[in-house]
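Welcome to my notebook. I opened a new structure today and wrote down what I looked up, one entry at a time.

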Amino acid sequence: MKIYQIAYKNLFGKKVRSTLTIIGIALSAWVLASLIGFNRGYESSLSRDIDNMGFQIILTAKGCPYEAATLMLKGGTGLKYLPEKVASDIASDKEVKRLSTMLMQAVFDPNKGESGGIMAYQGVDPANYPQMKTYLKFKQGKWFKNQTAYEAVLGYEAAELEQREVGDKILIPGKNIELTVVGILQRSGTQDDGTIFIPVKTVQKIFGMEGKITGVGIQVNQGVDMAKFEEKLYKLPDVQVVSMAQVKQTILNLVSTARVMVLSIAVIAIIISMVGVINTILMSVYERFREIGILKSMGAMPRDIFFMIWIETVILCSIGGLIGNTIAYVLSKITGIIVRSILPYAPTGDLVSIDPGLIITTSLTIIVIGFLSGIYPAFKAARIRPIESIRKED
Amino acid sequence: MKQIFLSLIIILAYNGTTFAATGCDLNDPDRDVRRLFPGSTGYKTDYVSIDKKGGEKLLSVVEQKLGDRFSGLYETIDVPYTIYTIFRGKQKVGYIHGVNQKGKYGGIQVFLVLNMKGTIMNFYYQKLTGRSASRLRTAAFGKQFVGLSLADFMQYDPVSGKAKGRVAVIRNHAPDAENDFKATLRGVKKNLILMNVFVYGNN
């Protein structure tokens, strides 16, 4: 009989104990994979959200830049209004590739839900906005005909909620104004999916906001010194410059701080399971004191005994790791939904990103932990002397 | 061992990213269920789609009963419908179910509160956009549906908009919103048919 067969039989003989140990390891692996997956998913979703905005700099009226950026990301309304002149003043700057003025407006719709709800509209520049958001593809129709068209382009989720197709009408509650739907966007997995786009001039006219905007999205030319350009923009009066690179970096720094805590939790979970594994295997060694002694008296070398115990540990950790990682992968979407419901701000897309690479990494980590955990019990078993073991049992 | 691997592959394959159609959920189920079904003490949520329940064959059954084809970008076979099963204590006392229906200016969300026999106990527009929406959202308009069932709505033809029997006496409180009124009746009929094939047909 080979060593690994003996190890397998030993584990199989103590079903309850082995199962409980495997559950402990599986839970640790689940926590480890989910936490690392969340860290990766959050970072990549946030980066994608910011990159997909299509511009590197946003100008808003003076206020907290991060609050403003968050509001933009969440599709909310701006804090204050800017004069439209700000955009025309910088449009001819050599650093500017293109820019889009934006005006967000929200109205109360009394016929939404039990007690009413908010409908939001995003005014954009029809000449530039589509070129800045090249990733937006149409499921039906196209962008607006002109700057002042009474037309709307709907993100897929907005269109689905409103059951709109090209040619249908939408009505702005409280304003009694009809717009024709000219385009339905494909799903992009970004905040644009839930947005109703209208030409900025039309939004200004409908809401009586002529000459006012809530923001300017700026796409800069390649090779532009961003720091210098931002410095230049800071000199504009009453204008807040929000650099998407800065926002991204700041949020990612916060996420990195959180990562330390997250990994600490994972390490604690792993240490707990490691102690559990050592305890289980050590108990098993003490219980089989005599058996090991007999094996040795029959010619088994200390190295054989060491490997037998070591293999037991590795089998437990491998099975636990595999189960835990599978659970983490299968439940990653549900975990993402739960985390999203808890977080005050979560980017779009998958919040928990678990791919085969991560599964292999965490599985190997758990196996390595198995190897480490098994050293002490295996060493103890290997040092058992046959005479002592038989005498002790007597 | 082979079976374990096979199961694992199936589980992993199903976990891929898919974008399915969106259904019609209550905005705030805890609050809405209590309000729509007074005396209820709890609810259970189930998601059902024609696709998973019976596929194309079931779709044709639904369309035949409806007297109209499913059409447009969003009225598709894979729309997940949310069925709220209502409990009073441990006893199942009814259901709440909503559907999306295309209206003139936006999506109409028509929710019906049904007893265990499939009779309408309450009617709720969760969403309706239009100049006369407030007149259709009155309690008086909704009350006209109370007591009706699928048997009554089988006498309504959504294509011609003609009705017989008890559905014919439902009065449009907003004559200038005839499209939305007819869309509502179609939505109610579709709702009852879906509940019939998803729930009552199986009882």
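This is a predicted model: local features need pLDDT of at least 70, side-chain atom pairs count only at pLDDT 80 or more; totals for chains, interfaces and linings use all residues.

**Entry 1: a strand in chain A.** Glu151(A) belongs to strand β6 of chain A, residues 151-154. I then looked at how β6(A) sits beside β8(A), residues 177-185: the two run parallel and are joined by four bridges.

Are the two faces of β6(A) covered or open? I found both covered: Glu151(A) and Val153(A) are buried on one side, and Ala152(A) and Leu154(A) are buried on the other.

**Entry 2: a residue in a loop.** I moved on to Phe55(A), which I located in the loop between α2 (15-51) and β1 (57-61) of chain A. Why does Phe55(A) count as buried? I counted 23 other C-beta atoms within 10 Å of Phe55(A), and 20 or more is enough, so the residue is buried. Leaving out residues up to four places away in sequence, I listed what Phe55(A) touches: Met132(A), Gly217(A), Ile218(A), Gln219(A) and Met244(A). I also looked up Val216(A), 161 residues from Phe55(A) along the chain, and the two C-alpha atoms are separated by 9.4 Å.

**Entry 3: the sheet in chain B.** Here I traced an open sheet of five antiparallel strands in the order β1-β2-β3-β4-β5. Its edge strands are β1 (42-48) and β5 of chain B, each pairing on one side only. Neighbouring strands are turned by 20° against each other on average, with direction ignored. I looked into one pair: β2(B), residues 81-88, and β3(B) are antiparallel over six bridges. Within that pair, Thr85(B) has Tyr95(B) as its bridge partner in β3(B). A helix packs on this sheet too: α2(B), residues 29-36, touches β1, β2, β3, β4 (107-115) and β5 of chain B, and its direction makes about 60° with that of β2(B).

**Entry 4: where the chains meet.** How many residues does each chain bring to the contact? I noted 25 from chain B and 20 from chain A. On the chain B side, the elements giving two or more residues are α1 (2-14), β3 (91-102), β5 (120-127) and α5 (133-136). The largest share, three residues, comes from α1(B). Sorted by type, the chain B side has nine nonpolar, eleven polar and five charged residues.

Definitions and conventions. Residues are numbered from 1 along each chain as its sequence is written. Chains are lettered from A and ligands numbered from 1 in the order in which they are written. Two residues are in contact if their C-beta atoms, placed from the backbone, lie within 7 Å. Ala, Val, Leu, Ile, Met, Phe, Trp, Tyr, Cys and Pro count as nonpolar, Asp, Glu, Lys and Arg as charged, and the others, Gly among them, as polar. A residue is buried if 20 or more other C-beta atoms lie within 10 Å of its own, exposed if 12 or fewer, and partly exposed in between; C-beta atoms are placed from the backbone. Two strands pair if DSSP finds at least two bridges between them. Axes are lines fitted to C-alpha atoms, for helices over the stretch in contact, and angles run from 0 to 180 degrees between N-to-C directions.
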